[in-house]
Amino acid sequence: MSTGASTATPSNPTEALINDLMAQQWVTDLAALLSERQATSIEMVEQLRSLDASNHVFWPFHAPPFPPVITDAHGCRITDADGNSYLDSYLGFGTQALHGHNPKPVVEFVREQLGTGPGNGYFHPITLRFVKLLHELVPHCEKFALLNSGTDATHAAIRLARAHTGRRRVAKFEGALHGPHDLGSHNMAFWYHGYPTNPFPPSDENGIRPTSAIAGVPAADARDLLVLPHDRDEALALIERHGSELACVIAEPCSSSFPFEDVAIPLVRDTAHACQQLGVPFVLDEVLTGFRCGLGGAAERYGIPADLYCYGKAISGLGIALSALGGRAELLDQMQTSGLSLTDIGSKSFVQTTHGGNFLAVCAAYATLRELHEQRDRYYDETRAKIASVREKLAAARATHDIPLRLVGFGDFVGSFIFAEHESYEHYRDFVSAVNPVALFLMTLMLRARGIFMLSAPMLFTGGAHSQADLDELVAAVIDSAVELKSHGVPLVPAEMVA
């Protein structure tokens, strides 16, 4: 990874500032330190680069700087190929945050099943046990479809809603993350689009202009996509105006790109009720919030009704891919055979894949959620107490060091450490414009040198994986890094960039 200044002429003042920061001696020294510490990893990553384009360390929008090659993972600790140990704040996009890497009860259960199951493409009794457990945890879902990823689940929800209604247009909120399928790739989280450095797309009485963040995905036709602003009255007016055209409205209860439950939850709940009144199917994307807002997810905790619910990430075990789509049987039946295949032609939808709901994935997921079910309130109470402690320490640091360092997030727990002047924001674009991503990127480098692993932003996924002592260690490193950033004169918020 190059940290030197670009030889090209900067196109705007922000780019010039970034180039200046990355060329400073302390950043060069930090990069040199990490390069030396991770020499083996760097060599292996470059070998992989010549053969594999898909590994997570190569993601264009969120890859970790100086990616380590992980050779061992237990609990919240990982070890790289150079022998460096890290406290893991990332935990596989949060998929391992419930119990940590390789929790013993899950490993033992899966080990017992190894060599006994059919792999994929068959019905094994563990599937029945698993969907019964799911129904107990989220009884508002009448039926389920087991798939591979959260992207699969949201894509399938849209397809089934279209099949059910016979309509094609889908409404989503700006900034929401529903996966990289074509409609989900539009107006995503701000880091995919380069906001606030790049200009936001225009907004008018017809909503926000559909804007793709991903090369190879053309801008959606207005007949396919309606992008809603984070304004209750405007969003509900658009839904009411276009209700007869909408196959569904899809929304996250709270998003990693707008992590403020006090604003997001009422907006989404009001949207769900408006959809009920209009007869428009509502899809609640619980890929991030499922099993993190209590066993029943955000739907149960906050009283958000929906026709379909998408689950991913924490639903899986040991990182074995699995997701679920649940909801009203009337919609799920759009993909279920009548039992006579010839009668399905032209009348049924199809979202199943070869490996969806495979034997080992279901075994690992069953053991993972069974463990959570056994802990129940104790898990959530302990996690909330730990997060409260983190926020207390950050409040003390703000007062002591005059640094606007905060932990924003939702559920139990998905969040990020950021520099921001306010605890919450009313509108998505106001929040995005209040964050300096360069400072957060530099913080991840500084935390790596302190033995903390994150991606390209200082995120925190936590639950049972981290003890209080682990989080105390993490917070101390975050505060120390923030103080050092300030000492180097790094603008922590955009207002300082133009001061």
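**Cis peptides, cores and helix packing**

Pro-196 sits in the loop that runs between helix H7 (190-193) and strand E6 (203-204), and I begin there, with the reminder that everything I describe comes from a predicted model. The bond that joins Tyr-195 to Pro-196 is a cis peptide bond, with omega at about 5°. A cis peptide bond also leads from Asp-412 to Phe-413, where omega is near 5°, and Phe-413 belongs to the loop between strand E13 (405-410) and strand E14 (414-419).

Staying with the backbone, let me turn to phi. Phe-291, which is found in the loop between strand E10 (282-285) and helix H10 (297-302), has a phi near 65°, a positive value in a residue other than glycine. Is Phe-291 buried or exposed? With a relative accessible area of 1%, Phe-291 is buried. Arg-376 likewise has a positive phi without being glycine, here near 45°, and its place is the loop between H13 and helix H14 (377-401). Since the relative accessibility of Arg-376 is 40%, this residue counts as partly exposed.

Which residues touch the most other members of the largest nonpolar core? That core has 75 residues, and the ones in question are Leu-405, Phe-417, Phe-419, Phe-431, Leu-442 and Leu-485. Helix H16 (residues 437-449) supplies the largest share of this core, namely nine residues. If we set aside its neighbours within four places in sequence, Leu-442 is in contact with Met-22, Trp-26, Val-27, Leu-485 and Val-490. Another core lies apart from this one, and its 59 residues include Leu-134, Ala-171, Leu-238 and Ala-251. As background, nonpolar side chains in soluble globular proteins tend to be buried together.

The crossing by which H2 passes H16 is left-handed. On the H2 side the contact is made by Trp-26, Val-27, Leu-30, Leu-33, Leu-34 and Arg-37, and on the H16 side by Leu-442, Leu-445, Met-446, Arg-448 and Ala-449. Sorted by class, the residues of this contact between H2 and H16 are nine nonpolar, no polar and two charged.

For helix H8 (residues 232-242) and helix H9 (residues 261-278), the axes come within 10 Å and cross at roughly 20°, which makes H8 roughly parallel to H9. The crossing of H8 and H9 is right-handed. H8 contributes Arg-232, Leu-236, Ile-239 and Glu-240 to the contact, while H9 contributes Leu-267, Asp-270, Thr-271, Ala-274, Cys-275 and Leu-278. Six of the residues in the contact of H8 with H9 are nonpolar, one is polar and three are charged.

The last pair is helix H4 (residues 104-113) with helix H13 (residues 359-375), which pack at an angle of about 145° with their axes 9 Å apart. H4 passes H13 in a crossing that is right-handed. From H4, Pro-105, Val-106, Phe-109, Val-110 and Gln-113 meet a set of H13 residues that includes Phe-359, Leu-360, Cys-363, Tyr-366 and Arg-370. In the contact of H4 with H13 there are 10 nonpolar residues, two polar and two charged.

Notes. Residues numbered from 1 in each chain as written. Predicted model: local features only at pLDDT ≥ 70, side-chain atom pairs only at ≥ 80, totals over all residues. Heavy atoms only, no water. Axes fitted to C-alpha atoms, helices over the stretch in contact; angles between N-to-C directions. Helix = DSSP H or I, 4+ residues; strand = E, 2+ residues; numbered from the N terminus. Parallel < 35°, antiparallel > 145°, perpendicular 65-115°, else oblique. Left-handed = near helix turned anticlockwise from the far one by under 90°. Contact = heavy atoms within 4.5 Å. Nonpolar A, V, L, I, M, F, W, Y, C, P; charged D, E, K, R; others polar. Core = buried A, V, L, I, M, F, W, Y, C linked by side-chain atoms within 4.5 Å. Buried < 20%, exposed > 50% of the residue type's maximum accessible area, 1.4 Å probe, protein only.
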